[in-house]
Each structure stands twice: as C-alpha cells, then as structure tokens.
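Here is a friendly note to read with the model open beside you. Take the points one at a time and find each residue as you go.

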Amino acid sequence: MSPKSTNSLMKHLRDQGVSIGGSTQKRKLRNIGYYHGYKGFRVLGDSSKRLPITDFGQIVSLHALDTQIKTLLYPHIMTIETALKNYTLESVLNHAKSEDFDEIYKTCLTAYRGYRPGTADYKKSWANRLRLRQTVDGLISREQDKRPFFKHFRDQGRAIPIWAIFEAMTLGEFGNFYACLDRPVKSAIVADLGMPSQYDSEALLLSVIFSLKDLRNAIAHNAIVSDVRFKSGGISGRVGKLLKSETGIDSINFSDITDYVILIVYLLSLFRLPKTDRKRLISDYEAILLKYKRELPLEIYGRLVRTETSNKLDTLKKYVTKS
C-alpha cells in the first residue's frame, strides 16, 4: 500500500471522527506528523485507553503540553545526572585511592561480595560486573576519537581515568556502574547526599537512577512523556514511601508525570539548589497545566492530570520552603 498524502491523512482523520481542515491545520499536521501526533496522542499509554479526541486542535494542544513539559524538565534532569556522577566519583576516588578503572574495578565494583557465594543473587551480581567491564571497554572504543581527552590519554599511553569515563557514560551505563559498587561505597554516596538512614537508600537510589534514565531518554528522543509511557519497568513502591516521608506527599506511584516532577524537586533539594529555582520549576509546571486545562476538554485533560495534582504541588511548595 502506497503512503498517504497529507490530504489523504486529513480525510482519514475526518473519517475517524476528528475535525480537521484548512491550510493552517494542514501545516500543523505536517509539522507534528500524523504518526507522532495523532497516532501518538490518540491513546493514553496503551491502545486500550483511547482518548476521546474529536478535533485536530486537541491533538495540537496535547503535543504542545507534552513538548513544554519536556522542555521544562530536561535541564533539571541533566543537572541531577551531573551531580549524581560527581557525588559517586568523589566516593569512588576516596575508597579506591586511584582514578584508574582497573584499580576501581578490583576495589569498589564488588557488589557481588554482599551475597553468599553460589546463590542466584551472587551469580547475577557477578555477571553484572562482567558486563560492566565490557560496557566500559566498548565505551572507550566508541568514544576514543570523539572526545579530545580520550585521544589525549590514549596517545600518551596512559589509562583513561574514571572521571573521563564518567563524562562519556549514558545515565543507564552509570546506573549499572552504581549497581556494581560495593555497599560501603554506596552508603558513603547516600550519606553525602543526606538521604534518610531508616530506608535502604542505597537500593532506592539505584531505582531512582533508572527511573530518571527512562524519562531522560524519552525526552532526548522526543518521545511522549505526559502519560509516562516511557517507563520500562515498575518503580519500587519504596521510592514513593521515601518521598512521602521526606516531602509529606501521599499517593506517589509514578502513574503520572507529576510524580516525576516531585522526584526531580526532591533530588534538586538534596543537591541544595536554590529554593527560588526549585519553586520556579513547580510554578512553571503549574502554569503549563493551567494553560492546557483551559484548552482541552475535561474528559481528555482529566485522563492525563489527576485530581490530586493541585494538592500534591501545594505540599511540594511547602516542602521546598522548609528544606
């Protein structure tokens, strides 16, 4: 079957009960894309949760809502990624007394020792460690001619230091690195961050890293984030309990994007970013929601934004004021 022209796609939308017409909406369809726009936003998360879209303008608003949320969150996620790497790097260097990856591999990346030899957890952790070694070798191979400091150390006949490797690591690769760290190294990181000791914060931080990885990748690849379809797996319920304990906000289960905003604000608080910056993030997010609450029908907006969102954000602002 040959691909449809824009005019044909507009006719198809009308056949689906979606009002569309005129040169302005035709141009917007071409800019947004039929598959990224209508096909992407007509459902909420999966095909069984179809949104009651009746007008192409609603698709335009959904696309704009999603884009503005991504634009708002991305710089903060990058700040968190950089800070997490720096806190981890400091702890690793303190424990290994070396910036050489081979030495760090021997002294710090030994999480498998926390399990009884021969058990399934022991074997899994050992296998993760071996894969990390392969990941770092592959990272050096792919980046050696792209990054000046990689080329510099290679041409000097010196080992590429861990700080340079961290610069090139994706957030997912960094998460695997953190997972392989020995328990005392992880404990030093969460203590430095000021995470509470009454929880297993070492394990919770790993869950946080991978949940942020999913969101970061979705934003970087311009995927839809407003309905949290980017989640690659379940986030530990203990993360919600941690956030409730720290912020006072209940019912955090990461089923909507507001819970990720709460997580980001909490992490920015751990890194002691200025309160004005954290409050601005919340107010900017509220402004986005308010704008599209006015533009979208309640039966569409209410499927994306929960009724408890306003109370959550009010409590979040109080938390920032006190932190």
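1. **What you are looking at.** Please keep in mind that this is a predicted model. Residues are counted from 1 along the chain as its sequence is written.

2. **The core.** Start with the largest nonpolar core, which has 102 residues. Leu 73, Phe 177 and Leu 215 have the most contacts inside this core. Helix α4, residues 56–96, gives the core its largest share, 15 residues. In soluble globular proteins, nonpolar side chains tend to be buried together.

3. **A closer look at Leu 215.** Which residues does Leu 215 touch, if those up to four places away in sequence are not counted? They are Leu 73, Ile 77, Val 225, Phe 230, Ile 257, Tyr 260 and Ile 264.

4. Helix α2 spans residues 22–32, and its residues Gln 25, Leu 29 and Ile 32 are buried. These three lie on the same side of α2, because they cover an arc of only 75° around the axis. An α-helix has 3.6 residues a turn, so residues three or four places apart point the same way. Ser 23, Arg 30 and Asn 31, on the other side of α2, are exposed. What do the buried residues of α2 pack against? Their partners are α1 (6–15), α3 (34–41) and α4. After α2 comes Gly 33, with a positive phi near 95°.

5. **A buried lysine.** Lys 213 sits in helix α11. Is Lys 213 buried or exposed? Lys 213 counts as buried because its relative accessible area, 18%, is under the 20% cut-off. Leaving aside neighbours within four places in sequence, Lys 213 is in contact with Leu 171, Gly 172 and Ser 232.

6. **Two positive phi values.** Most residues other than glycine have a negative phi. Lys 97 has a positive phi, near 55°, and is found in the loop between α4 and α5 (101–107). Val 228 also has a positive phi, of about 50°, and lies in the loop between α11 and α12 (237–247). How do their surroundings compare? Lys 97 is exposed, at 65% relative accessibility, whereas Val 228 is buried, with a relative accessible area of 7%.

7. **The largest pocket.** This pocket has a volume of about 480 Å³. It is lined by 18 residues, and those closest to its centre are Ala 111, Tyr 115, Ala 179, Lys 186 and Leu 206. Two or more lining residues come from each of α6 (120–143), α9 (171–180), α10 (183–193) and α11 (201–220). By class, the lining has seven nonpolar, four polar and seven charged residues.

8. **The second largest pocket.** The volume here is about 280 Å³. Of the 14 residues in the lining, Lys 293, Tyr 301, Val 305, Thr 309 and Ser 310 lie nearest the centre. At least two lining residues come from each of α14 (275–295), α15 (298–304) and α16 (309–322). Helix α14 supplies the largest share, five residues. This lining divides into seven nonpolar, four polar and three charged residues.

Terms used:
Predicted model: local features only at pLDDT ≥ 70, side-chain atom pairs only at ≥ 80, totals over all residues. Heavy atoms only, no water. Core = buried A, V, L, I, M, F, W, Y, C linked by side-chain atoms within 4.5 Å. Buried < 20%, exposed > 50% of the residue type's maximum accessible area, 1.4 Å probe, protein only. Helix = DSSP H or I, 4+ residues; strand = E, 2+ residues; numbered from the N terminus. Contact = heavy atoms within 4.5 Å. 1 Å grid on protein atoms, 1.4 Å probe; cavity = no way out; pocket = protein on both sides within 12 Å on 5 of 7 lines; lining within 4 Å. Points joined across faces, edges and corners; volume = space filled by probe spheres on them. Nonpolar A, V, L, I, M, F, W, Y, C, P; charged D, E, K, R; others polar. Arc of directions from axis to C-beta.
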